Amino acid sequence: MSQTSNRSDTEKGDGYFLRAEGISKIYSDGTVALRDATVELRPGEIVGLLGENGAGKTTLTKILSGLLPPTRGRVVSPRGQVKFASPREALDFGIGMVHQHFALVGTFTAVENVALSHERPFVPLTLSATRERLEGLMAESGLKVPLDVPVEKLAVGEQQRVEILKVLSQNVNLLILDEPTSVLTPLEVDELFKLLRRLRDEGKAIVLITHKLKEVGSITDRVIVLRKGAVVGDVQMAEVTKEELAQLMVGKEIGTRAAQAVELSTDAIPVPISRHKEEAKRGSGVLHVENLSVAGDTKSKAVDGLTFDVFGGEIFGIAGVEGNGQTELVEALTGLRPAMEGTATIHEKNILGLDPRQIYKLGVAHIPEDRWVLGLVLPFTLAENAILGVHRWEEFRGPLSILRWGKINAHVRALMERFEIQATGPSAPAKSLSGGNQQKLIVGRELAKDPAIVIASQPTRGLDVGAAQYIRDTLVEMRDRGRAILLVSADLDEVLALSDRVAIMYEGKFMAVARPEELDRQKVGMLMGGVGVKG
Amino acid sequence: MTTTDVRPRGRWVRGVHRTLTGLHPALESVLAAVVGLLVGAVLMYIWGYDPWRAYWALLRGAFGGDYEIASSIARGVPLIFTALTFSICLRAGMFNIGAEGQMYIGAAAAVCVAYFQLPAGLHLFVGILFAAVAGAVWSLGPALLKLTRGVSEVISTIMFNWISRFLVFYLVAFVLVDPRQAQRTVRIPVSARFPILVQGTDLSYAVFMAVAFALLVYVVLWHTAVGYEVRAAGLTPTAARYGGISIKRTMLLSFALGGVAAGLAGAATTMGLPPTFAIISGLPELMNLGFDGMAVAMVGRNHPIGILFAALFFGGLNAGGRVMQFYGSNPVPLEMVRVVMGAIVLAMAIPELIRLFPALAEAGRGLARTIARRKPATEEGA
Ligand SMILES: Nc1ncnc2c1ncn2[C@@H]1O[C@H](COP(=O)(O)OP(=O)(O)OP(=O)(O)O)[C@@H](O)[C@H]1O
Ligand SMILES: [Mg+2]
């Protein structure tokens, strides 16, 4: 490369790998996602990219990786301006990205997906070499995935692992990870971080987007904070205190709720949130499951003879590594998947064999783990999505089943206000929302039903600190009002903090059911790995 | 909270930007039409015709006067229906190629009203009902095959087209045949005919039925719970199922409604098509209207309102094409018009072409930026 770069405005010389200068992005609907943002990425550094939902993090990384053109501004490397017409060109330049919403071919297996990402015109695909490389990577990174199953059949957490492995298999110099940890268990996160640290020490530049303060503290060297599209902070980790970091993450107008959340989650105590939770007043049984077995897409028995109850006024948490039957269990209970044997009742009415509509009528709300496949019709507008599943409610329908868009829009505006969903309005397409705001829309829609039981899979996936805390508070508040909550989450802290009883699931069975106080993280970790613990 | 606080000038620019983006689909259709016409022009030039004079003749023949406009609209009427058949099912996530056959059956059913007598308005109404029900019933074949046996609707609708084609051939030749005029069926009695709208042309009151039906489809799809379910199932079946929507039901409903539309196309081309008001053996008045409807649906962006405009455009091509082939010293065969239609459909289907549009916009913006900056000093390297 030419060393004759005589730029006078470059203070750091060629110490950087890539720099985005004065980037602004205005989407076609007029949303200003980025305002004059300048960031510099250096080799051998892990940068945390922080900011509230909708701050522009994904947009910025998409511009860096050639997926989106900026409206204004430019991306430069020490060799001059770079312009990527496609992710392929960015990849050739050494930039790889783990997407918040995975970029995988559903009908392809993990091996095929990874091979595809290496595909070059006129070069034959080598599946066997890819498989070897993948197996090596799986051992190295601790991220295990089934290699020969179409990825659409995998749980979201497993797909996340495939997406990460895909990018790791590329030899990139800049690795961008957009919320890679939101559906991983703490152990998996630890392993991933070990690998990332090693890559950093090898001189790679790494950008990590996360909403978890703990992760930021443990792995990043520098953090860049975005707020409403502008860079409002760019500081070395060594130079900030935890409190300052918390300020930066939540913004200066810290509401009490968010402030508490940050304060609490920085604590070393693994059970932070239950502090302001009252003792459960367990009511009558709502969900009763007996000897339930469910076939999976890949396993003959993904759920293997489970028996449990969820009572009103209680949060029943299911912890475990994604892909151990949680998905199938939830699908069976919500009418999306047939059960093999056993019974399941809500308020003593059988729910197996019913379709989702009939189950919702019994007072069930379902927050699905996969927001793009189940939770949303992406091309639909916010308003259309806000009535999915409740579109036949009397209040939304007039004579002749005509939809009352006026009422629906009012309902949506109320949701947008209550759950702080950022969008241009009820007629914005759902796909134009940021990941966190899509999640808020789904959670808001389901919780607004005020159901007898909430079946929630990864309810706070991708939510920023404040929003996640609001959702948790809402779940606790619903519990206090006597509702039953079945919470499935890979976020161990969340399960332990919120639940009144926790079940640890491994290969379709509960390894243990206990009160969170009786469990410590180490014990839970072992149980999640299938190692029985006595006593 | 939201990211909308920007300087007023920026807001104005964004307003224009948004309007253009909103028009994007329509502009794409127009672009495709232009490309189609250009391809036609090139071919005419190669074959030694004068494209300018041919298109001039086409334009005059299509929209040159009241008579021409009326015939263009008349030719668009059945296309509105058959395009709706395709679009309704596409919105529900299925490729229904069966409009052609369902239309034949609808037409045959409409002719049956010749065998009984009723008061004027009622007779017409019963005929419409016959055609609609017949079209819907015929569409249930492929629908049920799909729902019960998983047979691809593409295959089954094509098969059903052939079945209905020869069935109607048979009916026209042996059952519904006019004993005095063996080349056609019995004529629809006056009491069951659509009144002529513009005397001396093909344009009858059937056009009102077409427009009303298109508006009805619009209301059903975008303003009722059922339509909501159909569109959700068509866009993301998994999410629709999660939302408590029965995909089987939406499939059946959209197929049936599509069948009604195709049946009405049959009614319009018999009860509403002077001067014969009958099916002529060999079905010359009907042939291909179902397939052309798919082209109309594409150009109309599968939206009922868009389809109204697209049908008028294709009707104009058909009407004008007839004039073009008789045009003085430069007679261009009617086939040329079909080439143009084909090229338009191809142009719609080529995504690169459609991406040309944003690319052009981007290029224009870039140009404007460079002009505004007036040659910035070279920034890179040195
Ligand atoms: N395709 C799009 N069209 C219009 N607006 C969009 C589009 N994609 C994103 N936006 C808007 O741009 C803003 C920034 O979105 P972005 O996805 O970058 O946020 P984010 O910081 O990644 O948030 P999250 O933490 O929720 O993932 C949001 O207001 C969002 O609504
Ligand atoms: Mg994002």
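Start at ligand 1, with A:Tyr27. In this predicted model, a nitrogen atom of ligand 1 sits 3.5 Å from an N or O atom in the side chain of A:Tyr27. That is a polar contact, meaning a pair of N or O atoms within 3.5 Å; within protein, one must be able to donate a hydrogen and the other to accept it, and residues adjacent in sequence count only if both atoms are side-chain atoms. Next, A:Gln100: one of its polar side-chain atoms is 2.9 Å from an oxygen atom of ligand 1. Then A:His211, where a side-chain N or O atom lies 3.1 Å from an oxygen atom of ligand 1.

How much of ligand 1 does the protein cover? It covers 89% of the 640 Å² of accessible area that ligand 1 has on its own. Accessible areas come from the Shrake-Rupley method with a 1.4 Å probe; for residues, only the protein chains shown count as cover.

Now the shell. There are 21 residues around ligand 1, and A:Lys57, A:Thr58, A:Thr59, A:Ser434 and A:Gly436 come nearest. To be near, a residue needs a heavy atom within 4 Å of the molecule or strand. By class, the shell has 4 nonpolar, 13 polar and 4 charged residues. Here Ala, Val, Leu, Ile, Met, Phe, Trp, Tyr, Cys and Pro count as nonpolar, Asp, Glu, Lys and Arg as charged, and the others, Gly among them, as polar. Two helices of chain A, H1 (57-64) and H15 (435-447), each supply at least two shell residues. Helices (H or I, at least four residues) and strands (E, at least two) are DSSP runs, numbered from the N terminus.

A word on conventions. Residues are numbered from 1 along each chain as its sequence is written, while chains are lettered from A and ligands numbered from 1 in the order in which they are written. Local features need pLDDT of at least 70, side-chain atom pairs count only at pLDDT 80 or more, totals for chains, interfaces and linings use all residues, and side-chain values use heavy atoms, with hydrogens and water left out.

On to a sheet in chain A. It is open, has 4 strands in the order E12-E11-E14-E15, and pairs antiparallel. Which strands are at the edges? E12 and E15 (349-350) are, each pairing on one side only. Two strands pair if DSSP finds at least two bridges between them. E11 (residues 285-294) joins E12 (residues 303-311) through 6 bridges. E11 also pairs with E14 (residues 341-346), over 5 bridges. Look at A:Val289: its partner in E12 is A:Phe308, and its partner in E14 is A:Ala344. E14 and E15 share 2 bridges. There, A:Thr345 is partnered by A:Asn350.

Next, cavities. The whole structure holds 7 of 30 Å³ or more. On a 1 Å grid over the protein atoms alone, a cavity is a set of points where a 1.4 Å probe fits but cannot get out; lining residues have an atom within 4 Å of a point. Grid points are joined across faces, edges and corners, and a volume is the space filled by probe spheres set on the points. The largest cavity is about 60 Å³. Helix H10 (residues 326-333) of chain A gives the most to its lining, with 4 residues. That lining has 3 nonpolar, 4 polar and 3 charged residues.

Last, two backbone details. B:Pro274 and B:Pro275 are joined by a cis peptide bond, with omega about 0°. A:Glu420 has a positive phi, near 50°, and is not a glycine. A:Glu420 falls in the loop between H14 (405-418) and H15 of chain A.

Notes:
On a 1 Å grid over the protein atoms alone, a cavity is a set of points where a 1.4 Å probe fits but cannot get out, and a pocket is an open set with protein on both sides within 12 Å along at least five of seven lines; lining residues have an atom within 4 Å of a point.
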